[in-house]
Each structure stands twice: as C-alpha cells, then as structure tokens.
Amino acid sequence: THPDDLQADLEQFQRMADGEIDSYSMDKRFIRKDRGIVHTKLSVSCLRDAEGAVSLVLASLLDITDRKQAENALTESENQLRTIFENSPMGVIHLSEHGVTLDCNEQTAAIFGSSRSDLIGFNAPLQLENKELAKALGRALQGETSRFEGEYTTITGGKTCHLRFIFNPVNPGVSPTEVIGTVEDITERKKARDTIRRSQQH
C-alpha cells in the first residue's frame, strides 16, 4: 500500500468495524516490486452477525491505472494550455457556440482598453457594431476559419485601434461551434507601413 493512502483506508475500516458504516470505497495506490504505482478502486463491505459484529469482510480491487494516467495527462495538458493562454503576447478569446465570450486573457483586456470582467459575457453577435467583424465571427461559429483586419472601436473600452482577428472553430466543419480567437493590435505596424508607402510615392 502507498503510505499516503494507508491512514485513510484504516480510518474507514475502523468506522466499519465500529458499526458506523457497512461499506466504503476509495481510490488506493499500491507499490509494485519495481516501485511502479498501481492505481485501484478499492471497495470494501461486511456481513454482520446477530449482535452487529463484523463476521465477514468482502473486498474488491479494480485496476484504474490507465484511467488515472489519462486523467493526469489531461490535467497536465490543461495546465500547459492555461499557461499559454494566460501568457500569450497576443489576445486570446474563447467564445461559446452562440458567440458569447466565455474567457479571455489579460492581453485581450489591455488591447481593448477594458477588463476581463467586462469582456466575459459579451454577446458579440448582438453587441458588435462592426459588421465586417461580426461576419468574420459568424463564419467561424459556422465551422470556418476566418479573419478580420481593420480599424475597430472597442465597445467595452471605447478604444480605437487597428486590429487583426483570427477566428478558429473548435470543431471545424461543425455548426454551431465554439471558437478560439486571437487578436493583435497592429496600429503602430500599420502606421509604419503607411509612412513607408507615402515616402515611396514622393
């Protein structure tokens, strides 16, 4: 038995012996001879005599190692994605299949001159005033990767800048689908391009 699981098992067994419970189940780890860990689902029950004392204990073990490894791998993957999401130099937005903002990172809030709390819950199809941006998002909600680049005044922050949006459907080809969008403020880049273009024309 893994030492971290022993006490919990003993406590539950004692409760059963004292008559507080007739059965219990728990996740319990065992250590193999090669020091590898086996994850199990332990189920314990008892039969009692006429006086209520335990006369027979029944125990079963189900090997759930593969499931636990999959769960741990999923948790690690989710943590990695969350780290990327939070620390991306670009704004990242997660929208529901109805176009409502479910989450966004702090960079998105900074680009929009707003706060995450103001942006979460924003219903883009109903509240967006920029028709071209709304069309691009609409295509993504229908399962198609789309993009928008142009001047945009944010509704929640009132900030005007030149933005580039790329919308990627979570389930491509499925309609409707949730969408992951990235947004980048390219205002200064556009100004530099325009300056170069004007200088070349003279």
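Helix H2 lies across strands S1, S2 and S3, running at about 125 degrees to S2. Helices (H or I, at least four residues) and strands (E, at least two) are DSSP runs, numbered from the N terminus; contact means heavy atoms within 4.5 Å; axes are lines fitted to C-alpha atoms, for helices over the stretch in contact, with angles from 0 to 180 degrees between N-to-C directions. This is a predicted model, in which local features need pLDDT of at least 70 and side-chain atom pairs count only at pLDDT 80 or more, while totals for chains, interfaces and linings use all residues. Residues are numbered from 1 along each chain as its sequence is written, and side-chain values use heavy atoms, with hydrogens and water left out.

**Overall form**

- The protein chain has seven helices and eight strands.
- Its radius of gyration, taken over C-alpha atoms, is 28 Å, whereas a compact globule of 202 residues would have a value near 17 Å; the globule rule is 2.2 Å times the number of residues to the power 0.38.
- The C-alpha trace of the protein chain spans about 100 × 40 × 30 Å along its principal axes.
- Of the 202 residues, 33% count as buried, where buried means under 20% relative accessible area, exposed over 50%, and partly exposed in between (1.4 Å probe, protein chains only).
- The protein chain exposes about 12,600 Å², of which carbon and sulfur atoms supply 51%; accessible areas come from the Shrake-Rupley method with a 1.4 Å probe, and for residues only the protein chains shown count as cover.
- Among contacts between residues at least 6 apart in sequence, 40% join residues at least 24 apart.

- Three strands form an open sheet in the order S1-S2-S3, with antiparallel pairing; two strands pair if DSSP finds at least two bridges between them.
- S1 and S3 stand at the edges with a single partner strand each, so one side of each is left without a neighbour in the sheet.
- Neighbouring strands of this sheet are turned by 30 degrees against each other on average, direction ignored.
- Helix H1 (residues 3–17) packs on the sheet and touches S1, S2 and S3, its direction making about 155 degrees with that of S1.
- S1 and S2 run antiparallel and are joined by nine bridges; Arg29 stands opposite His39 in S2.

**Helix H2**

- Helix H2 (residues 65–87) has 23 residues, which at 1.5 Å a residue should span 33 Å, and its end C-alpha atoms are 33 Å apart, in agreement; the expected span is 1.5 Å times one less than the number of residues.
- Thr65, Lys68 and Phe85 are the buried residues of H2.
- These buried residues pack against strands S1 (23–31), S2 (37–48) and S3 (54–63), and also against S4, S5 and helix H4 (116–119).

- An open sheet of five strands has the order S5-S4-S8-S7-S6, and its pairing is antiparallel.
- Strands S5 (101–104) and S6 (146–153) stand at the edges, each with a single partner strand, so one side of each lacks a neighbour in the sheet.
- On average, neighbouring strands of this sheet are turned by 25 degrees against each other, direction ignored.
- Helix H6 (residues 131–141) packs on the sheet, touching S4, S6, strand S7 (160–169) and S8, and its direction makes about 150 degrees with that of S6.
- Strand S4 (residues 91–95) runs antiparallel to strand S8 (residues 179–185), with five bridges joining them; the bridge partner of Ile93 in S8 is Gly181.

**Selected residues**

- Thr101 lies in strand S5 and counts as buried at 8% relative accessibility.
- Leaving aside neighbours within four places in sequence, Thr101 is in contact with residues including Ile93, His94, Leu95 and Ile120.
- Ile120 is found in the loop between H4 and helix H5 (124–127) and counts as partly exposed at 39% relative accessibility.
- Not counting residues up to four places away in sequence, Ile120 touches Thr101, Leu102 and Asp103.
- Ile120 and Glu51 are 69 residues apart in sequence and 61 Å apart in space, C-alpha to C-alpha.
- His162 has its place in strand S7 and is buried, with a relative accessible area of 13%.
- Apart from neighbours within four places in sequence, His162 is in contact with Glu149, Gly150, Glu151, Glu184, Asp185, Ile186, Thr187 and Lys190.
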